[in-house]
Amino acid sequence: MRKSLIAALVAGAGLVAGLGIWAAGNAGGGSGQVKELTIYSGRSEEFIAPFFAQWEQESGIKLNIRYGDSAELAAQILEEGKNSPADLFLSQDAGSLGAVSAAGLFATLPESVGAKIGSQYVASDRSWIGVTGRARVFAYRPGSIEILPSSVSDLTKSEFKNRVGIAPSNASFQAFVTALISEQGEKFAKSWLEEMKKNGAKIFLKNSAIVEAIDKGEIDLGLVNHYYTWEVSEALGRKIQVENGFFAPGDLGNLINVSGAGVLATSEKFEAATELINFLTSESTQISFVEDTHEYSLITGIKSPEGLPELTEIGSPKVDLVVLEKVQRTQDLLTQVGLL
Amino acid sequence: MKSQNRFGSYGLRALVAGVLILISQPLLYLVIRASEKSGSDIVALLTRQKTFEVLGLTLALLCIVVFINVFLGTAIAAGLHYVRIPYPRALFVATIVPLAIPSYVFTYTWIALIPSLQGLWAAAFILVLSTMPYMLLAVSISFARIDSGLIEVARSLGLSKFAVFTRVILPQVRRSISAGALLSGLYVLSDFGAVSLLNVETLTVSIQNLFKSSYDRSAAAVIGLLLFLAAALFVSLESLVKGRDFESRGAEGFAQRIRRVNNLPLSILTTTVLAFYSLLAVVLPFYVLISRYLQNPSVVAASDLATAALSTISVAAMGAFIAFLLSLPLAFLITQGASAFVSISEKVTLMAHALPGVVVGLALVSFGSRLGPLYQSVFLLAFAYAVLFLAKSVASTSAALALVSPQLKEVAATLGKSKSSVTMQVVFPIALPNLALGVLLVFLTAMKELPATLMLRPTGMDTLATEIWSFAAISRFNEAAPYALLLVLIAAIPTFILTIPRNAKNEYAKNENEKKVRISQ
Amino acid sequence: MTSLSVSHLTVNFGSRTVISDLSFELSQGEIASLLGPSGCGKTTLLRAIAGLIQPTSGAIRFGSQLVGVSSVVLPPHKRGTGYVPQQGALFPHLTVAKNIAFGLDRNSHTKSEIAAITHEMIGLIGMKGMEERLPSQLSGGQQTRVALARALAIKPKLILLDEPFSALDAVLRDELRTEVVGLLRELGSTAILVTHDREEALVSSDRVILMRDGKVAQNGTPEEVYEAPISPEIAASTGDVLILPAQQSNTGATFFPLSREGAGSAGSETGYVVIRPEEIRVSTNADAGAEGTLIHIDYYGHDAMLTVSVAQSATPIRARVAGPADFTVGQKVYLQHLGPVRYFSRQ
């Protein structure tokens with residue numbers, strides 16, 4: 001009995017040690033020829049993995065990808081600081097990129113990287129490059145609304161009472177409110193939120209839930225990102241009675257947020273990382289984004305996703321994406337108003 | 001009795017201190033981060049209305065869940081044990097199975113059933129379903145140990161069955177009721193999955209929101225410290241309510257089969273309650289998982305499922321093993337008798353248990369990223385699990401060790417065995433089954449962990465929990481369902497093992513027939 | 001095997017004094033009984049000798065080796081004492097054979113030696129064929145025997161038995177006790193047997209140590225302790241007693257209800273006399289002694305206890321008569337005391 005007990009303990013300890021060493025060995029990178037690249041991706045595996053796989057094949061470099069929520073990954077990178085094992089951070093929204101950039105953890109990217117991306121979708125200090133565009137839209141059920149709204153302010157009017165859905169806890173909505181605060185001032189944003197609440201705006205946890213509700217007829221209109229109608233339709237496996245609509249040109253409801261990428265300053269694989277960025281921003285990849293994940297390409301001239309107007313036609317407001325980093329103020333405001 | 005081996009006692013204390021330092025690392029992290037804020041900022045943060053609301057909501061949820069667990073849980077356990085019901089073993093297993101279901105999966109399935117489900121009472125409902133099994137397990141084990149002789153004597157003295165329950169049985173299980181209440185309460189404090197999905201902003205959700213929105217980890221840390229204080233308060237309160245320690249008699253005080261109460265209305269009531277509970281906690285979630293998947297069946301690569309399952313099992317097992325090792329010094333110290341040092345150590349361990357996965361995760365990210373290759377290794381993740389669940393391990397290890405009668409240890413000493421030999425040759429072999437159960441419990445809990453796993457897992461490794469999360473994040477519930485089902489099925493195995501009745505008296509009998517015949521010369 | 005010496009032992013638990021300035025000695029091969037009421041500290045004394053608790057002051061020596069003082073303590077596993085606790089305490093996870101062999105160190109014995117000793121012990125306790133049984137499959141008596149064998153297997157200097165027979169029924173108890181004592185004598189072991197059964201103490205041992213309130217009340221051979229107790233309380237703890245008021249004159253003559261001298265005269269010292277029921281002869285012959293009326297008979301089979309009321313004594317006299325009792329209640333009987341007159345002055 002005693003012998004087997006000792007044996008079990010030793011075996012257990014050995015297993016623990018062995019696994020640890022093995023795992024540790026796997027993490028290390030060698031100098032010289034770059035064999036591996038570590039990516040923190042806020043873009044979900046379902047959508048981005050095929051692209052990564054393609055690049056892996058073409059470049060011969062193995063990718064270690066850590067999937068997660070953009071904001072959480074950004075916070076993790078901030079916590080890791082100079083010790084972060086990440087080489088590249090691919091984020092779903094500009095706010096997270098801004099946070100990492102503000103902490104000085106990104107390397108500056110030369111002009112040759114992501115050259116084709118429009119300058120308004122690139123950080124002014126070239127710490128990160130936008131990859132795809134995500135337009136704020138209103139989704140609605142065709143036939144249920146006589147006159148489509150031309151401004152977000154319209155939504156506080158009586159004809160939209162109890163018919164609108166929003167997702168205040170969602171990062172994209174918060175990005176929109178952040179832009180609202182930045183452009184129109186906190187007072188304006190606050191009163192708009194309060195009026196939306198008074199007007200019976202229904203609160204949802206997720207954008208997809210809003211689209212599903214429109215389809216079911218529970219609400220008639222909702223503020224979401226442009227690709228959710230497509231996503232929900234895919235998830236349910238059928239066509240849905242929801243379409244995308246845009247506000248008048250220049251209205252903040254048409255905000256275009258971006259997903260983007262930056263290279264960590266502490267990375268020793270700068271070249272390889274920038275090559276990956278170039279791949280993501282190359283024309284062929286961008287076209288694939290449009291076709292496969294239904295997002296907007298940020299290269300001028302490439303067609304928009306099916307059924308959607310061109311990026312230039314939307315009439316998006318001119319917002320410096322840097323301001324999207326200031327989400328805390330937005331969250332406080334939402335809490336004050338009682339939407340969060 | 002004073003320990004003869006003074007050095008051994010101090011050595012043990014040094015080990016315990018070492019373990020405490022290790023698990024205090026998240027707390028240290030909170031303090032360091034919080035101190036990056038200025039004093040006035042901290043005060044402003046703590047006194048803003050939002051903080052009061054969050055604190056109030058957290059405490060309200062805590063009280064509701066603990067209250068329901070204590071009363072309803074004890075009643076259900078009593079019914080399971082003492083009332084004549086059909087298939088008592090099956091019903092008992094059914095009430096414990098919810099342990100296999102992570103709270104976020106629970107919540108997802110219930111939201112699928114009732115889309116408008118949200119708010120304080122919804123959260124209380126889900127958390128009661130999630131934590132009731134802890135209470136039931138703790139109390140059931142205690143019920144099984146009660147000496148039936150006492151009950152018979154009480155009955156012969158004229159006490160009604162109800163009086164026997166309240167005056168003889170309850171006082172003896174008081175300690176385990178309070179232990180169950182403690183575990184439930186700490187779980188409520190640290191839970192994130194359920195409350196966030198139900199739109200209830202507890203302290204834990206607030207921590208998460210703060211660090212996600214502002215990337216301001218200091219603010220999150222301040223709230224984290226507030227959470228720690230709430231836990232400390234709760235733990236202290238519980239120890240006041242706990243009542244006196246009854247000397248645990250060890251395996252000698254065994255229980256014979258107790259005759260169940262044969263009262264038809266009571267039996268019907270009990271069975272209905274149990275069936276209803278099983279419906280809510282087991283049947284419906286399973287139904288949703290399976291039907292969701294069948295609604296839009298996706299092709300799931302078996303290899304993905306298998307890899308995720310394997311990773312889940314191996315890391316959780318490592319974590320449980322490390323937790324066990326870390327729990328040994330304190331568990332041994334506890335068996336040597338009460339002292340101020342023991343009491344404080346136990347409390348610190350418990351309070352650390354209240355820290356949510358996100359805090360432990362961040363703390364180990366901060367600390368671990370300096371460790372080079374050890375960072376984002378399986379080992380560090382397992383260590384995170386050990387830190388998160390050490391309290392459970394200490395509780396079960398010390399309970400297992402306490403079952404070994406001190407007399408056996410004394411006799412072994414007189415037979416020439418040094419303290420370490422006594423431990424290896426007497427204590428461990430006898431306590432082994434119960435020690436294994438404790439390891440299983442931590443293993444089970446670790447399999448379901450999400451936030452710390454997301455942050456600390458080796459890049460590229462997925463557990464079943466992270467896979468569920470990543471599909472749910474893009475609303476692909478039908479694709480998440482197979483992973484959720486597999487997780488629950490795998491977790492059901494240790495859960496089932498935990499429900500096997502442990503009869504100390506029969507444990508070492510080789511021959512079923514022989515043990516019944518007591519040969520009198 | 002060495003002797004045991006306990007000198008001025010005091011054991012305090014917190015503020016409670018359990019053993020107070022206790023001293024006694026045992027020579028090699030002696031079997032001593034430790035007799036006393038519950039709570040007098042017998043078990044504590046045993047545990048202190050075994051090394052399981054630490055004395056507050058005083059010394060314990062095995063032969064010339066100092067094993068226990070408050071500051072210098074030889075741990076229990078180095079003392080070589082055999083300890084048989086009250087309920088046997090067999091290791092539930094080991095077979096009978098493994099239990100017995102538990103104390104045999106693989107460092108000092110070869111495997112075959114261990115097997116030989118185990119075999120010898122099994123034979124000694126008469127349990128051949130039961131080597132592979134588990135404790136849960138044994139009866140109480142069998143468990144006690146195995147516990148004893150386990151303690152003896154290590155050839156201890158001293159063996160300590162804490163009421164090992166208390167859980168057994170009367171017949172088994174007698175048989176087992178005889179066996180065990182016989183075994184101990186055969187092996188020449190020095191032993192201390194803790195008991196609260198006074199007959200057991202008298203019959204099993206060479207020496208009876210009477211304990212009371214943590215102290216040694218009297219220490220002597222069974223005969224000494226029974227026949228010549230140093231106080232009425234001690235007398236009562238070793239057997240049935242009759243305590244009668246008495247007077248002692250300055251000439252040394254003692255007067256008590258059954259004495260030949262009859263009642264005493266004034267001017268004498270008053271006190272008590274302790275006599276034993278078996279010292280009283282009961283006769284139907286009127287000349288035989290003091291007259292009394294038989295008011296009650298307790299029939300024990302091998303003897304009977306008669307309760308007689310006599311004029312000279314307020315308390316009825318209890319007398320033991322052997323064998324079949326031909327007495328009837330209400331009969332007139334005549335009592336005579338034949339035995340030592342143990343006088344204790346009133347103190």
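Figure 1. Strand 15 of chain C and strand 16 of chain C make a hairpin with three residues between them, and in the turn Gly301(C) has a positive phi of about 95 degrees. The model is a predicted one, in which local features need pLDDT of at least 70 and side-chain atom pairs count only at pLDDT 80 or more, while totals for chains, interfaces and linings use all residues. Residues are numbered from 1 along each chain as its sequence is written, and chains are lettered from A and ligands numbered from 1 in the order in which they are written. Strands here are DSSP runs of E with at least two residues, helices are runs of H or I with at least four, and both are numbered from the N terminus. Strand 15 (residues 290–299) and strand 16 (residues 303–310) of chain C run antiparallel and are joined by seven bridges, with Ile297(C) having Leu306(C) as its bridge partner in strand 16 of chain C; two strands are said to pair if DSSP finds at least two bridges between them. Strand 16 of chain C also pairs in the antiparallel sense with strand 17 (residues 317–322) of chain C, over six bridges, and the hairpin between these two strands runs through six residues. Within that pairing, Met305(C) has Arg320(C) as its bridge partner in strand 17 of chain C.

**Figure 2. An open four-stranded sheet in chain C.** The strands of this open sheet of chain C follow the order 12-11-13-19, and their pairing is antiparallel. Strand 12 (254–255) and strand 19 (342–345) of chain C stand at the edges with a single partner strand each, so one side of each has no neighbour in the sheet. Strand 11 (residues 242–248) and strand 13 (residues 269–275) of chain C are joined by seven bridges, and the bridge partner of Ile243(C) in strand 13 of chain C is Val274(C). For the chain as a whole, the secondary structure of chain C comes to eight helices and 19 strands, and its C-alpha trace spans about 75 × 45 × 30 Å along its principal axes.

**Figure 3. Two crossing helices in chain B.** The axes of helix 15 (residues 340–353) of chain B and helix 17 of chain B come within 6 Å and cross at roughly 135 degrees, where axes are lines fitted to C-alpha atoms over the stretch in contact and angles run from 0 to 180 degrees between N-to-C directions. That angle makes helix 15 of chain B oblique to helix 17 of chain B, given that angles under 35 degrees count as roughly parallel, over 145 as roughly antiparallel, 65 to 115 as roughly perpendicular and the rest as oblique. In this crossing, Thr349(B), Leu350(B), Ala352(B) and His353(B) of helix 15 of chain B meet Leu390(B), Ala391(B) and Val394(B) of helix 17 of chain B, two residues being in contact if their C-beta atoms, placed from the backbone, lie within 7 Å. The residues of this contact divide into five nonpolar, two polar and no charged; Ala, Val, Leu, Ile, Met, Phe, Trp, Tyr, Cys and Pro count as nonpolar, Asp, Glu, Lys and Arg as charged, and the others, Gly among them, as polar.

**Figure 4. Where chain B touches chain A.** Here 40 residues of chain B are in contact with 42 residues of chain A. Among the helices of chain B that each supply at least two residues of the side touching chain A are helix 14 (302–335), helix 16 (357–368) and helix 19 (419–447). That side of chain B divides into 20 nonpolar, 14 polar and six charged residues. In one helix pair, helix 3 (residues 70–80) of chain A and helix 16 of chain B pack at an angle of about 40 degrees with their axes 8 Å apart, and they are therefore oblique to each other. Gln76(A), Glu79(A) and Glu80(A) in helix 3 of chain A meet Leu362(B), Val365(B) and Ser366(B) in helix 16 of chain B, and the residues of this contact divide into two nonpolar, two polar and two charged.

Figure 5. Ala213(A) lies in helix 7 (residues 207–216) of chain A and is buried, with 20 other C-beta atoms within 10 Å; a residue counts as buried if 20 or more other C-beta atoms lie within 10 Å of its own, as exposed if 12 or fewer do, and as partly exposed in between. Not counting residues up to four places away in sequence, Ala213(A) touches Gly165(A), Phe204(A), Glu218(A) and Ile219(A).
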